[in-house]
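I opened this notebook to record what I looked up, chain by chain. The entries follow in the order of my reading.

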Amino acid sequence: MRRIALLLCVGLPVFAMAPAFAAEVSAAVAANFTKPAEEIAAAFTAKTGDTVTFSFGATGALYTQITQGAPFEVFLSADNKRPAQAVTDGLGVDGSVFTYAVGKVVLYSPALDLTDGAVVLSANQFQHLAIADPKTAPYGAAAMETIEKLGLTGALTPKLVTGENISQALQFIDSGNAELGFVALSQVIDKPALQVWRVPAEDYSPILQDAVLLKTGEANPAAAAFLLFLKSDEARAIMEKYGYEAGSGT
Amino acid sequence: MLSAGEIAQPVGLTLMLALIVTSLLLVIATPIGWWLCRSRAAWKEAVAAVVSLPLVLPPTVLGFYLLLAFGPNGPGGLVAPLWGARTLAFSFEGLVIASVIYSLPFMVQPLRNAFEAMGEEPLEVAATLGAGPWQSFFRIALPMARAGYLTGAVLTFAHTVGEFGVVLMIGGNIPGETKVLSIAIYDYVERLEWGNAHILAAGMVVFSFVVITAVMMIDRRVGRVVG
């Protein structure tokens, strides 16, 4: 017992002092942005010494948590609605919203030849088409928009299986349970070209991914610094490597 | 606000699932519980541990393995083609299999306990009176274990109704097929449609309260009669 008390006396001040050397940023990040976010954070840490802790999830789920007081300081959404809503709801800092990336939707299948995905979709020779939940995940909404545009809503709706977020849609495909599905280009950027069909930009509205500084992070300079870093050339290069178009930064 | 159909579909699906799973487990768990009670094999407790694993494992572990097992590259890919599918995931049948595994300990445990509480004596008496093993099982053991069966059935039913993580991972959220009550509630919460979430969630709270009260009453009343 005495030894534990001693440990606490010696140990606690060390932990308490840590923020003086390096700050920590807590960020809620849309699942599709997982890979670039981790790489950007590594670059950010290398540069500033500050670290970023991520919570990845579906944009809708993360936003629900934020409205209920989740201790996130920065929110990288997969859409441009929720960051604006965060400001309206008094949860986000006014004027801090900007587009950090523009996402691209692809049709992906490890099994089928997707040189022309539209043809594969019309041919309809499959049992399950995976998408992210169109009501909560912007990539799911973009997938539905594409299906609509191709005039296949009636034919394909019975075959849809819905992942809770875009990562789960990919799980369904990669585990072989669904033959193909709509995911983010960033998730399958390293797959062979034959397995990935890039949906033409005119088939869906651009997926503007906005970021916002949350009120909980207003007092943490590292949170603002991380958002600023997202606009840097270094961060933009990482995003482009992962299949995003870098955002306008405004 | 929710229409009657929007409530009825997930509720009906969930009750159907729970009913089928409970019926199947009544049959499946009986020999397992009986064997765990009667066997003298050294590896008996290892089997008991395997049966109990779903109690301890996070649903994500089970969901992950089932997702792989159900797919075309797992055993599911061998079974599913029998009715023209390629995977057991995203189907009601798949949910039934997953739930049977997931709820197995909730049926086996009470049965094993009930058989053990009965002791050797009644069966020995039955044997001296000339009853065969089947006869003494159906006429002595089964009625004496009725509290265990009731508890097991209620717990299994309730546990299946409350299942969430596993279904989330293998269900694919298909209305009328795999979109059970817990998933429907999660959906509404995510969409910030909290009014609808409240209706279903409050129903679940009431249901769970009734179930737990029922289990306690069964334990006290039937237990007393038998014990």
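Which helices of chain B do the buried residues of helix 1 pack against? I found helix 2 (44-56), helix 5, helix 8 (146-161) and helix 10 (181-190) of chain B.

Before going on, I noted the ground rules. This is a predicted model, in which local features need pLDDT of at least 70 and side-chain atom pairs count only at pLDDT 80 or more, while totals for chains, interfaces and linings use all residues. Residues are numbered from 1 along each chain as its sequence is written, and chains are lettered from A and ligands numbered from 1 in the order in which they are written.

Terms I used: helices (H or I, at least four residues) and strands (E, at least two) are DSSP runs, numbered from the N terminus. A residue is buried if 20 or more other C-beta atoms lie within 10 Å of its own, exposed if 12 or fewer, and partly exposed in between, with C-beta atoms placed from the backbone. Contact means that the C-beta atoms of two residues, placed from the backbone, lie within 7 Å.

**Chain B**

I counted 11 helices and zero strands in chain B. Of its 227 residues, 35% are buried.

I then checked helix 1 (residues 4-38) of chain B. I noted a bend of about 35 degrees at B:A29, with the proline B:P31 following within four residues. The bend is the angle between axes fitted to the seven residues ending there and the seven starting there. The buried residues of this helix include B:L17, B:V21 and B:A29.

**Two positive phi values**

Most residues other than glycine have a negative phi. I looked up B:F90, which has a positive phi of about 60 degrees and lies in the loop between helix 4 (76-79) and helix 5 (92-118) of chain B. B:F90 is buried, because 26 other C-beta atoms lie within 10 Å. For A:N124, phi is near 60 degrees, and the residue counts as exposed because it has 12 C-beta neighbours inside 10 Å.

**Sheet of chain A**

I traced five strands of chain A in an open sheet, in the order 7-6-8-5-9, with mixed pairing. Strands pair if DSSP finds at least two bridges between them. Strand 7 (160-163) and strand 9 (196-198) of chain A stand at the edges, each with a single partner strand, so one side of each has no neighbour in the sheet. Strand 5 (residues 105-108) and strand 9 of chain A pair in the antiparallel sense over three bridges.
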